[in-house]
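Have a look at the sequence and the 3D view below, and then we'll go through some details.

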Amino acid sequence: MSLEVHSHYMRMATKLAKYALDHDETPVACIFVHTPTNRVVAYGMNDTNRSLTGIAHAEFMGIAQIQSKFGVQDTSIFKSITLYVTVEPCIMCASALKQLGVQKVVFGCGNERFGGNGSILSIHKDSCTAPQNKHWSIPGILRKEAIMLLRYFYVRENERSPKPRAKANRKLDKSKFPPMDWTLYLSRDEFESVFDSLLLKHYDDSTDLSDTLNWGLIDDNQDRFFSHLKDECEQFCLQTAKKPKPQTVS
């Protein structure tokens, strides 16, 4: 898939993360795309604040949707799935995705504390868990937007926190971003094969693929988008060919 396609789906995931933020959740969200049909199968948002459940991560919410449609035992659908998630999957989610055999993971910003796709561990490449399942992990798509949504969340008071921290003195930085260390996730050759040789300067300079930030994704209300996305996922189904009836011999 091209950078344009990755950016298209990551914009959808970012809109969903903004929807989560507007509804008092951690702004981390994902969509599961069925690659052969280029259709969204399921979506997920963090649900930890509402549910008070620490494992209610966006990826698990989406996985549950897929399993409700196709069953828990048959995981073959995941081999045709590309996951777009605004923040690098944590070690727990990365392990689940690998065991399910997901085809590809594309994410926005890294997870410096718990990242399972390069920042801390590279579970998608290891041979410890489900060694038969390995997948590409592509970072840095709309990284600034993902970081900015997290910053908006962390300057707010979280009333559901067991020990709320005073955040009145925290300032929202809208201009400075940490360097993008591509080497944590991709070799130089891998970067070139995923993107393009014309973009190698970003790899060498540890910079983002884009100098600009799409403020519409950060500021706009996404309620209508969420309603449309929900309908799209509910309508998704795989068209399976009917087996011919066996002919009877007279």
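## Starting with a cysteine

Cys109 is buried, with a relative accessible area of 3%. Keep in mind that this is a predicted model.

What about a bond to another cysteine? A disulfide is a covalent bond between the sulfur atoms of two cysteines. For Cys109, the closest cysteine sulfur belongs to Cys90 and sits 13 Å away, which is too far for a bond. Cys237 isn't in a disulfide either, as its nearest cysteine sulfur, in Cys233, is 13 Å off. Cys237 is partly exposed, though, with a relative accessibility of 41%. In total, the structure has 0 disulfides.

| Residue | Relative accessibility | Class |
|---|---|---|
| Cys109 | 3% | buried |
| Arg143 | 5% | buried |
| Cys237 | 41% | partly exposed |

Now for the arginine in that table. Which helix does Arg143 lie in? You'll find Arg143 in helix H5, which spans residues 143-154. Is Arg143 buried or exposed? Arg143 counts as buried because its relative accessibility is 5%, and the cut-off for buried is under 20%.

Let's zoom out a bit. The UniProt record, an unreviewed entry, carries the annotation "domain: CMP/dCMP-type deaminase" for residues 4-121. That stretch of chain is 39% helix and 22% strand, and its end C-alpha atoms lie 28 Å apart.

And the whole chain? Count up the secondary structure and you get 9 helices and 5 strands. Going along the sequence, they come in the order α-β-β-α-α-β-α-β-β-α-α-α-α-α.

How does the radius of gyration fit a compact globule? For 250 residues, such a globule would have a radius near 18 Å, and the protein chain's 19 Å agrees with that. The C-alpha atoms fill a box of roughly 85 × 45 × 35 Å along the principal axes.

Of the 250 residues, 48% count as buried. Among contacts with a separation of 6 or more, 66% are between residues 24 or more positions apart. Finally, the accessible surface of the chain is about 13700 Å², and 50% of it belongs to carbon and sulfur atoms.

Technical notes: Residues numbered from 1 in each chain as written. Predicted model: local features only at pLDDT ≥ 70, side-chain atom pairs only at ≥ 80, totals over all residues. Heavy atoms only, no water. Helix = DSSP H or I, 4+ residues; strand = E, 2+ residues; numbered from the N terminus. Buried < 20%, exposed > 50% of the residue type's maximum accessible area, 1.4 Å probe, protein only. UniProt positions renumbered as here; feature names shortened; annotations may be inferred. Disulfide = S-S within 2.5 Å. Rg over C-alpha atoms; globule rule 2.2 N^0.38 Å. Contact = heavy atoms within 4.5 Å. Areas by Shrake-Rupley, 256 points an atom, 1.4 Å probe, with all protein chains shown as cover.
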